[in-house]
Amino acid sequence: MSDTLTRVRSWWQQLAAIMIKEGKQVTRDPSSWIIAVVLPLTFLFLFGFGISLDTTVVKIAMVREDGGRDARAFGDALTSSKWFLVVPATDRRSGERLLQDQNVKAVVIIPAEFGRRLYAQNTTAQVQVLVDGAEPNTANYVHGYVGAIWSGFLAARGLEQGSPIAAPVSLEVRYWYNANAVSRWFLIPGSMTVIMTLLGTLLTSLVIAREYERGTLEALYATPLTRGQILIGKTLPYFLLAMVSMAVCVLTALLLFQLPLRGSFLALGLVSAVFLVPALGQGLLISVTMRTQMAAAQLGLMTGYLPAMMLSGFLFDIHSMPPWLQAITLAIPARYMNVSLQTVFLAGDLWSVLIPNMLFMLAVGALFFGLTWRRLHKRLD
Amino acid sequence: MLQRLLAIVRKELITMLRDPRARLALIIPPIIQLFIFSSAATMEVKNIALAVVDLDRGPYAADVQQRLAGSRSFTRLPRYANVASARGALEREQVIGILVLPSGFSADRTAGRPASAQLLLDGRRSNAAQITAQYVSTIMAAEGAPLSGAPPDANAAGGSAALARPANAEVVIDNWFNPNLDYRWFMLPNLVGMLSLGVALMITALSVARERELGTFDQTLVSPATPVEIALGKLLPPLLVASVQATLYLLIVTLLYGVPFRGNLLVFYAAVLTFAEACAGVGLFISSLVHTQQQAFLGAFAVLLPFALLSGFATPVENMPWWLQFVTTINPLAHMLRLMQGLFLKGASVASLAQDLVKLLEIALCTTAAAVLLFRRKAA
């Protein structure tokens, strides 16, 4: 009985020893603090301010070939709208030039005779809009805005009498969880996922590869530590580091970006801790597989960071991707983290959503740790 | 001097390409990224799943659903008895929203009274939700018109479309450069810039740090080459790699994806080389500053991400606050992306491309000078 007790105690002492060693390695490196605090803050700042899907003001050119009252009125409607910054262009040719040289996003051409044709029989008054289609998102906004201004112009002129009279069907649109549909509200939880992946996967991917490269792994193998102890000892300091920076991110999001937290801090902490299991596991697996830090870093970038950025639903909606790619996203822990964070922040503690997501992350994490444990032979080649 | 410089370049190329796995790592991953990310990176909203709660069960409610089903944008329209039961599907992100057709919808329509429907959307995915709302309201507007004709296609925004046609006036929209508003046409030229950035930055950022860590840095320093020559020798190989990669991308993007290349090939290579030089300068600067590869990696990352975010790669520069728009003017990637868009899609005039090219050249000169100066100080 007391024998087992001693063994358990010495197991813990050994674990504590390697954790202290790893912890010191982390905290003595001044860059660790930069990583835990400065980097997440910078990124969150950039994500929060730099990424916005809410189109504000679009620069367009206007060519008015008709000097009449109606052409002026439509031009004024464009100029005074809050959606457009209108640059006048002298003729069609120079307007097209502005578009081609990427100075404006669209050219609105009000052709000669516009006013006359508007009232004449058997003629159609056309307003021509050339849109820069290179950026489809902005192009779609321009379509919508011009359409709205055009309808307003026609209504003001009383020109809608020709349209079929029908009782309107109105659509009452309501956004749950994000009443004003602010893109920042869903982008910030997503950027936290990216930051956590960066800390969890990329940093740990270098941990064992570094010991290989420097030849210090032999020293580690010479200790009485078991594989399990090495794994836990290597992981925990990074776990704590990532949790600290998560806390920094959350505080910034709540205080600076005024993000609502409709769920509880408990759920937030739990989700973050659970996500770190696959994130750290992936990093460690890369680290025991690759022999140089350069290669480990590249693999970490490819399989950890970039998927978190592109395939997690952070920026690009998963449901719009082709089916084969949607299938790939199912294997990406960041995807589940993203949904969970968005849910905790915007919707609340919906455990029916959170628990399946957390279970999945844990399963992937267990797989990664299992593979790492198998690959980490205490043997020198 | 030239001889010694070439010797250093050769040495750097050998270290970089000696290992067959490392050679593959320079070519294969970027191409995989090009394929995956050009499919993933779309702001279009497709394959929409929208829950329908039909409390009306009348002919007009059925008509609305038929119009939705007829649109290309909606692939699944699961029905639910009431909002409470549909809510679960929305919470689990199985549907993006719930369309509620209230009882009396058909009665109102038959009587010629204004009818209304409700659309509840998942604000967690507010961007996709907003676009869905646009689609649904287009369909409802058509529903408001007398029952006739084919159901409208919510995706009709592409190409030329007449927006409103009362009496004898209309707006004719013409999408230039990308007539079908294909998001991939936007993304692929951007990825050419983005992937060159990654490779040029990472190669140089880790170069000095690795030599420091492995202890071979001192050996290089005691060679007859001067620190400036060593620094320049480290800056040239990434240019080579970047131009080989860019050629590969150019072929894939134009031949495989059919994106037009309407610009000048010389300007393209000038842009690629200048851009790679600007990035390599940043990379070498970071590398001279740090002691370990881990730090170098993080340093490169701390630069890569702001470059990518503040470039117009994912979201337009115009959406940013003015002070960040100012930052984009010193971001090499922002200029590179404008050049790529201009070259591939727009066939912009050389004069207008020259503006960005000159900016890029200025940035490249600054970063190279800074990197060489710092390297010389650190090496001395």
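In this predicted model, the C-alpha centres of domain 1 of chain B and domain 2 of chain B are separated by 48 Å. The domain assignment builds domain 1 of chain B from two stretches, 2-41 and 181-379, while domain 2 of chain B covers 48-153.

The contact between the two chains may be considered next. On one side, 97 residues of chain A take part, and they are in contact with 94 residues of chain B. Within the side of chain A that touches chain B, helix α6 (residues 136-156) gives the most, with 11 residues. By residue class, that side of chain A holds 57 nonpolar, 31 polar and 9 charged residues.

Two details of the backbone also deserve attention. Most residues other than glycine have a negative phi. Against that background, A:Gln258 has a positive phi of about 55°, although it is not a glycine. A:Gln258 belongs to the loop that joins α10 (227-255) and α11 (265-289) of chain A. A:Gln258 counts as exposed because 10 other C-beta atoms lie within 10 Å, and the limit for that class is 12 or fewer.

In chain B, B:Arg57 likewise is not a glycine and has a positive phi, of about 60°. B:Arg57 is found in the loop between β1 (48-54) and α3 (59-70) of chain B. Is B:Arg57 buried or exposed? With 11 C-beta neighbours inside 10 Å, B:Arg57 is classed as exposed.

Terms used:
Residues numbered from 1 in each chain as written. Chains lettered and ligands numbered in written order. Predicted model: local features only at pLDDT ≥ 70, side-chain atom pairs only at ≥ 80, totals over all residues. Domains from an automatic or database assignment. Helix = DSSP H or I, 4+ residues; strand = E, 2+ residues; numbered from the N terminus. Buried ≥ 20, exposed ≤ 12 C-beta atoms within 10 Å, placed from the backbone. Contact = placed C-beta atoms within 7 Å. Nonpolar A, V, L, I, M, F, W, Y, C, P; charged D, E, K, R; others polar.
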